[in-house]
Amino acid sequence: MSVSETPTTYSGARKGEDKSFEGVWDTPKGIHVLSSVSHRVVGRRFIYTGFVFFLIAGVLALLVRTQLIVPGNTFLDLETYNQVFTMHGTLMMFLFAIPILEGFAVYLIPLMLGARDLIFPRLGQFGYYCYLFGGIIVLSSFVFDAAPDGGWFMYVPLSTKAHTPGLSADFWLIGITFAEIASVTAAVELITAILTARAPGMSLTKMPIFAWYILITAFMIAIGFPPLIIGSILLEAERLLGLPFFDPMLGGDPLLWQHLFWLFGHPEVYIIFLPAAGMVATMLPTFVGKPLFGYGFAVAAVVSMGFISFGLWAHHMFATGLPILSLSLFSAASTMVAVPTAIQVFCFIATLASGRPKLTTPMLFILGFLSIFVLGGLTGVMLASVPFNWQAHDSYFVVAHLHYVLIGGMVFPLIGAFYYWAPHFTGRMMSERLGRWVFGLMFVGFNTTFLLMHITGLRGMPRRVATYAEGLGWDRLNMLSSIGSYILAAGIALFVFDFFRSRRHGPPAPRNPWGAGTLEWLYPPVAPGFNFHAIPPVESREPLWDQPHLLETEAHKVEGVMHGIRDGRRETVGCDPVSGKPLYILRLPHPTWLPMIAAAGLALLFGATLASAYWLCAVGAVIALVAFTLWGWEPSDSGVTRDAGMGHELPVNVVDRRSHMHVALVGTMLVLMALFASLIFGLLYLWNIRPEAAETLTRPALLPAAVAVVLGLAVALFGQLTRRAAVRDRFAGATVLSLLTVLTSLLAVAALGLSLMPIDPWASALGATLWAIGGFVAFNLAVLTYWGLFNAARRLTRRIGPGQSMPDFNLATFAKGCGLMVAVAGAFFIAGAVGGVG
Amino acid sequence: MTALTRQIVAIARPGVVWAVHFIAIYALISAACAARALIGHPTLLIAGAVVTVLGVALCLWSVAAPRTGEDGDLRPAAFWSGLIFALAILANASALFFFQSCGG
Amino acid sequence: MESTLDTFGSQDTSNVAGFAAGETLWLTVLMSAAGVAIFVVVMVFIALAWRGRGGGQTWWIVGGGVIFPVVVIGTLFVTSTFVLRAIAGPSTPAHVIEVTGKQFWWDVIYDPEGRALRDANEVVLPLGEPVEIRLKSTDVIHSFWVPSIAGKMDMIPGRVNTLTVTATREGRFRGQCAEFCGLAHPLMAFEAVVLPPEEYDAFLADLDGEARDAVTPQERRGAEVFQTSGCVACHRVQGISDARIGPDLTRVGGRAALGAGMWEMNTGNLAGWIADVGDMKPGAEMPSYNQLSGPDLRALVAWLESLT
């Protein structure tokens with residue numbers, strides 16, 4: 001065991017120099033456990049919280065089915081029913097499905113890839129609290145008797161102030177947007193973790209298939225969530241400030257909301273499906289005893305699904321009167337997604353055939369997944385046909401279809417995954433016998449409920465109706481569906497019982513209980529909080545199968561890199577994104593309250609917005625800002641090298657394009673660009689769809705717009721020069737240049753503002769959108785300004801010392817992104833000023 | 001670039017090509033069929049055909065990519081990714097040629 | 001006159017009474033059959049795989065994952081596109097009907113650019129003649145759907161969507177709002193009545209005239225109550241009032257259903273509606289007229305029922 005060496009040259013953050021390896025990694029005790037940043041703790045919290053939301057949403061579903069059990073039922077009144085189905089969809093989609101899958105990813109990815117933690121542990125904690133507080137805001141609407149009742153899709157104009165006065169829609173918009181921060185931060189974190197923190201030798205082709213699924217999913221979240229975030233912000237601005245983005249009287253369009261919503265909403269379905277399919281692809285080989293058949297096919301299929309899923313959004317809008325050509329395009333893209341789906345299904349089937357499958361409980365759920373999901377996929381292909389869609393859309397046929405793909409494609413694998421990975425959480429096995437009952441009840445209950453709904457829908461019953469007339473042919477079908485839903489619920493209840501029973505009474509899990517091939521089973525459950533004493537080099541996708549010495553030696557004696565501690569810090573190994581070659585030592589933060597405080601500050605900001613207590617908003621914003629500042633206010637760790645074992649002498653937190661900080665920054669830029677692109681889409685859409693309204697718009701001022709373009713380029717240039725100076729260790733030069741970056745970005749904000757001055761944002765949707773674009777760019781420039789000043793301050797206080805250029809290196813990338821946004825926004829303003837936006 | 005990096009690029013490139021093609025077709029339809037009517041139907045068809053031929057060609061570049069790499073398992077991935085996206089591009093474009101107008 | 005309420009299949013996509021619904025039905029049957037067949041084949045494959053037949057084979061993935069789906073969806077896409085062209089392609093409608101969705105009822109205008117004949121909560125279609133239905137909304141998004149006639153089309157504020165339909169069978173069919181439109185969304189239905197062309201013309205001619213005169217003393221009293229109790233502020237009865245806030249009542253007694261297709265039109269329901277609309281349809285803008293005396297209410301109901 002290497003002892004921490006005397007850090008003569010090390011000027012980085014000092015945190016646990018008096019502690020042993022185990023001591024450094026200890027989860028804080030007592031109330032301090034809330035300050036834990038470990039992915040194991042945060043992942044479990046995501047999973048358990050998500051499951052609680054699942055149970056709440058499930059109870060709401062039972063209320064729905066109970067109301068519909070007979071025609072003309074008065075169990076719920078119309079208003080309550082509308083709240084119940086709205087919250088059912090909202091909780092299931094936003095607060096259960098995505099977070100719980102991200103929870104599994106957060107928990108499993110480092111274990112599978114050979115990392116001691118996710119590389120941004122504080123971000124993980126921050127995301128969790130955003131999710132928790134956002135979820136609490138949404139749920140608290142019940143307490144204030146203001147539960148959202150406009151559907152989980154919040155269509156305008158129904159959700160505008162005129163038709164939904166009161167706060168219910170605001171609870172939805174603010175709470176959900178807040179919770180989405182968690183999804184997006186987790187996505188950036190997962191992308192970076194998968195690309196930069198893998199065991200030595202784990203090239204992309206040796207990566208467990210689950211990591212591929214999660215990688216693609218995370219990219220999809222990073223691009224898919226921004227349209228909804230922008231849509232929600234625009235809608236909240238319309239509700240709160242009266243900006244007319246969606247108002248047809250002022251050149252807006254209700255369909256813009258639908259475009260933005262489904263630009264998110266359709267990829268969302270695949271975002272939910274892919275991680276669950278990744279779980280299947282992970283569990284299946286274990287029970288067959290052979291590797292996944294057609295790994296390359298599966299990777300190609302997942303990549304193509306990730307792309308194609310963004311080209312389907314308008315098939316939720318076939319009945320809105322889009323041009324037939326558009327319908328035809330979206331119909332074609334929707335049918336094509338069947339190909340990558342089928343490839344995956346046949347990879348699974350071929351895997352089944354390549355060995356002797358064992359009929360365990362997780363395997364039952366996989367078989368359930370295959371049968372239910374295939375049927376749901378087939379009805380999905382039917383729905384891609386425009387004429388059929390016109391009949392089936394918004395009928396119970398679609399309800400049946402979406403539950404087939406979501407419950408079949410996600411809940412069944414998820415419950416299977418609980419049975420499979422439960423030993424990781426509890427150290428004990430769940431019951432195989434009860435598991436069979438859980439599966440049986442769920443399978444029978446599910447099909448009874450939803451198979452019949454195909455018929456109910458084709459018999460003309462629309463969705464989202466609190467009651468229906470008797471004698472139209474829907475009575476018996478609904479009765480049976482309701483009975484089925486109780487059976488399904490009994491299955492879930494039995495599962496919950498089994499989970500809690502097994503925590504105490506389940507047989508203790510042996511090492512690698514299922515005989516799996518992936519690295520998360522290296523230790524006997526429960527693995528230690530730091531995951532690995534040493535990170536073993538990996539030579540295959542199933543290291544536990546192909547490198548027998550891993551299981552032959554005791555887990556803590558397995559040889560690998562990063563044995564012991566250096567400088568008393570938590571750390572793991574950073575790798576080349578493609579080859580998996582160890583590149584650097586990745587220093588990780590220790591437990592801290594700051595992310596939670598930052599999230600609490602934001603919660604105060606959002607909560608106070610709901611209560612219209614604007615001074616409290618300011619307080620919340622200040623709390624969050626202070627917490628974020630302290631979060632980053634640390635000595636930089638880079639600039640030294642340490643022995644990582646196995647002959648690797650590695651730099652700490654290397655300054656490189658491949659470093660985790662830089663990859664994460666690129667991921668964040670992807671999110672920001674997607675947000676920006678959503679606004680540009682909105683602008684072009686309104687301009688194109690309402691030419692007569694565009695004619696009457698006041699033009700932006702030309703000269704300031706042109707100046708803004710130049711300033712945008714200057715921001716990028718100064719950012720890049722700052723990087724050059726910093727990398728060459730020119731201390732004063734870097735400081736001056738970063739202040740110049742700040743100055744030019746402030747000037748750019750002023751130029752954009754001046755260009756927009758003639759336009760009244762309340763007068764037209766297009767004007768409001770131009771202002772929104774200006775506001776978004778200004779927000780980014782404000783962040784850049786703050787960051788630049790922050791870096792300069794750290795430099796002056798010697799928190800960034802000689803040889804440490806990472807902060808400026810990263811700032812340059814952000815400055816270039818901001819410069820691009822300014823230039824593009826300025827170009828649009830110029831186009832508006834010269835050609836007239838009309 | 002290492003052989004593996006080339007393979008990864010060959011897998012992802014057709015997706016990007018598909019995305020650009022999709023956006024182009026969507027933009028063309030929106031330009032031709034919305035209230036503003038920026039372009040006429042013939043322009044739509046010609047521009048659509050051009051981007052489609054380009055798109056398919058770029059995808060087939062991945063299909064034909066040299067299949068030398070350190071890892072055999074990813075070899076079919078680039079091939080199939082190119083093929084799937086080429087088909088998807090053709091499917092998207094075919095939407096244009098069934099109708100003589102924006103329809104509806 | 002029997003309403004569509006309580007009638008099995010009156011709102012059923014397979015109870016075809018329109019060209020589009022008919023074309024779509026065979027497409028539905030075709031796709032469902034193919035879907036079931038494919039499902040069975042895949043399940044058989046899984047069963048064979050389970051027993052280890054054939055080992056894992058690359059051609060399974062190529063065949064089952066690429067070639068077969070491409071052939072199937074290619075066929076489907078082409079077939080479906082031909083159906084789409086048939087039902088939504090260019091056509092020359094013989095009639096135009098404008099339907100405006102409102103929370104939570106339907107405002108109907110026949111021949112909007114010509115005679116502009118108003119009615120509500122019932123859409124009458126001529127048998128065998130293409131009709132262009134123009135769909136509008138003045139508040140939130142609704143969706144116009146008569147499953148027996150054609151697929152649905154949304155009614156969106158600020159837009160005019162069109163749905164061209166051709167009825168192929170006489171009868172009375174039920175339609176319902178298919179886009180969630182707020183509190184009473186489930187209580188927003190209507191009836192589509194398909195009449196032979198000559199009867200359709202007669203129906204329009206009838207709409208053109210003033211409401212039937214009150215005959216009996218009770219009906220006359222009802223007409224007076226209607227004019228003195230505030231009803232005229234919102235409702236139009238041709239020859240008496242011209243308000244356009246609520247549904248047109250010129251021939252309300254001639255409709256088979258009440259409250260936008262939700263209840264049988266009869267004396268009891270009509271009286272209940274006027275006296276306590278808030279209970280029968282929460283969210284409706286009409287206030288409950290529970291202050292009317294018993295005789296006034298009975299008179300009003302009698303008069304309204306006489307308006308056929």
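In the predicted model, the contact between chain A and chain C takes 68 residues from chain A and 73 residues from chain C. On the chain A side, the elements that give two or more residues are helix 3, helix 7 (254-288), helix 9 (324-336), helix 10 (338-353), helix 11 (361-383) and helix 12 (386-392). Helix 10 of chain A supplies the largest share of this side, with 11 residues. Sorted by class, the side of chain A that touches chain C comprises 41 nonpolar, 20 polar and seven charged residues. The contact between chain B and chain C takes five residues from chain B and six residues from chain C. The chain B side of that contact holds three nonpolar and two polar residues, with no charged residues.

As to confidence, the predictor assigns the complex an ipTM of 0.97 and a pTM of 0.96. For chain C the mean pLDDT is 94, and 99% of the residues of chain C reach 70 or more.

Within chain A, two domains are assigned: domain 1 spans 33-505 and domain 2 spans 682-836. Taken over C-alpha atoms, the centres of domain 1 and domain 2 of chain A are separated by 37 Å. The two domains touch through 12 residues of domain 1 of chain A and 15 residues of domain 2 of chain A. The domain 1 side of this contact divides into six nonpolar, four polar and two charged residues.

Helix 3 of chain A, one of the elements listed for the contact with chain C, also packs against helix 5 of chain A. Helix 3 covers residues 78-113 and helix 5 covers residues 168-196, and their axes lie 10 Å apart at an angle of about 20°. Angles under 35 degrees count as roughly parallel, and helix 3 and helix 5 of chain A are therefore roughly parallel to each other. The crossing of helix 3 of chain A past helix 5 of chain A is left-handed. Helix 3 of chain A contributes A:Thr90, A:Phe94, A:Leu95, A:Ile98, A:Pro99, A:Glu102, A:Ala105, A:Val106, A:Ile109, A:Pro110 and A:Leu113 to the contact. From helix 5 of chain A come A:Trp172, A:Ile176, A:Ala179, A:Ala182, A:Ser183, A:Ala186, A:Leu190, A:Ala193 and A:Ile194. By class, the residues of this contact between helix 3 and helix 5 of chain A are 17 nonpolar, two polar and one charged.

Key. Residues numbered from 1 in each chain as written. Chains lettered and ligands numbered in written order. Predicted model: local features only at pLDDT ≥ 70, side-chain atom pairs only at ≥ 80, totals over all residues. Axes fitted to C-alpha atoms, helices over the stretch in contact; angles between N-to-C directions. Helix = DSSP H or I, 4+ residues; strand = E, 2+ residues; numbered from the N terminus. Parallel < 35°, antiparallel > 145°, perpendicular 65-115°, else oblique. Left-handed = near helix turned anticlockwise from the far one by under 90°. Contact = placed C-beta atoms within 7 Å. Nonpolar A, V, L, I, M, F, W, Y, C, P; charged D, E, K, R; others polar. Domains from an automatic or database assignment. pLDDT = per-residue confidence, 0-100.
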